[in-house]
Amino acid sequence: MKQIVPYHAKDIFSIPLSFFHEKNIKAVISDLDNTLDSYRKAEPSDRVKKFKEKLEKEKITLYVVSNNKEERVGPYCQRLGVKYLSDAKKFSKAKTEKFLKENGLDISDVIFVGDQLFTDRIYVNKLGGRLILTEPIVKEDAFFTRFVRPIDSFLRKRWAKKNALGEKIQ
């Protein structure tokens, strides 16, 4: 079966820095809710801050691209000290392409990290980018995500049995 995503990992924090170097990654573009932190967290957690610092030491920049609203994403990312795109409308690649261009990012130099098969996989594929699919970091989801998560879970299990979730990063 064809690979649904190129890579998958337990979470963003378990990805070794050596992986990013091996793939010549200069920037990690992460989803926010349930990839970096719970959607209920207004402040970046210590592990998110440490992750960002580890990336910076390796000359890799962290960015956030989220479908969530500016009121959620802006304050969180400002406290973390990262550039971000809120209300990204991920099913349309236009806003993300503009964000990449404004930040001088070439699609070949970045990797996207997200916890949703539909949203993250579809928009990264449209961009022609690479995705690391992670498990959600908490069980609780925001309102809209609660409706698509059961389908996401079902498909993940099905595709995992067929080895279609790409290379596992450990």
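A residue is termed buried when its relative accessible area is under 20%, exposed when that area is over 50%, and partly exposed in between (1.4 Å probe, protein chains only). The structure is a predicted model, in which local features need pLDDT of at least 70 and side-chain atom pairs count only at pLDDT 80 or more, whereas totals for chains, interfaces and linings use all residues. Residues are numbered from 1 along each chain as its sequence is written, and side-chain values use heavy atoms, with hydrogens and water left out.

Six helices and seven strands were assigned, these being DSSP runs (H or I, at least four residues, for helices; E, at least two, for strands) numbered from the N terminus. Their order along the sequence is β-α-β-α-β-α-β-α-β-α-β-α-β. The radius of gyration of the protein is 15 Å, in agreement with the value near 15 Å that a compact globule of 170 residues would have; this radius is taken over C-alpha atoms, and the globule rule is 2.2 Å times the number of residues to the power 0.38. The C-alpha trace spans about 40 × 35 × 30 Å along its principal axes. Of the contacts (heavy atoms within 4.5 Å) with a separation of 6 or more, 67% are accounted for by residues 24 or more positions apart. The accessible surface amounts to about 9000 Å², and 53% of this belongs to carbon and sulfur atoms; areas come from the Shrake-Rupley method with a 1.4 Å probe.

Strand E6 (residues 131–134) is covered on both faces. In a regular strand, side chains alternate between the two faces of the sheet. In E6, Leu 131 and Leu 133 lie on one side and Ile 132 and Thr 134 on the other, and all are buried. Two strands are regarded as paired if DSSP finds at least two bridges between them. Strand E1 (residues 7–9) pairs with E6 in the parallel sense over three bridges, with Ala 9 opposite Thr 134. Strand E5 (residues 110–114) likewise pairs with E6 in the parallel sense over three bridges; here Phe 112 has Leu 131 as its bridge partner.

Helix H3 (residues 70–80) contributes Arg 72, Val 73, Gly 74, Tyr 76, Cys 77 and Leu 80 as buried residues. Their cover includes H2, E3 and strand E4 (84–85). Gly 81, with a positive phi near 80°, follows H3.

Asn 34, with a phi of about 70°, is located in the loop between strand E2 (27–30) and helix H2 (46–57). Because its relative accessibility is 4%, Asn 34 counts as buried. Lys 59 has a phi of about 65° and occupies the loop between H2 and strand E3 (61–65). With a relative accessible area of 71%, Lys 59 is exposed.

At the end of the chain, Gln 170 lies in the segment after strand E7 (167–169) and is exposed, its relative accessible area being 70%. The C-alpha atoms of Gln 170 and Ile 15 are separated by 6.2 Å, although the two residues are 155 residues apart along the chain. Neighbours within four places in sequence aside, Gln 170 is in contact with Ser 14 and Pro 16.
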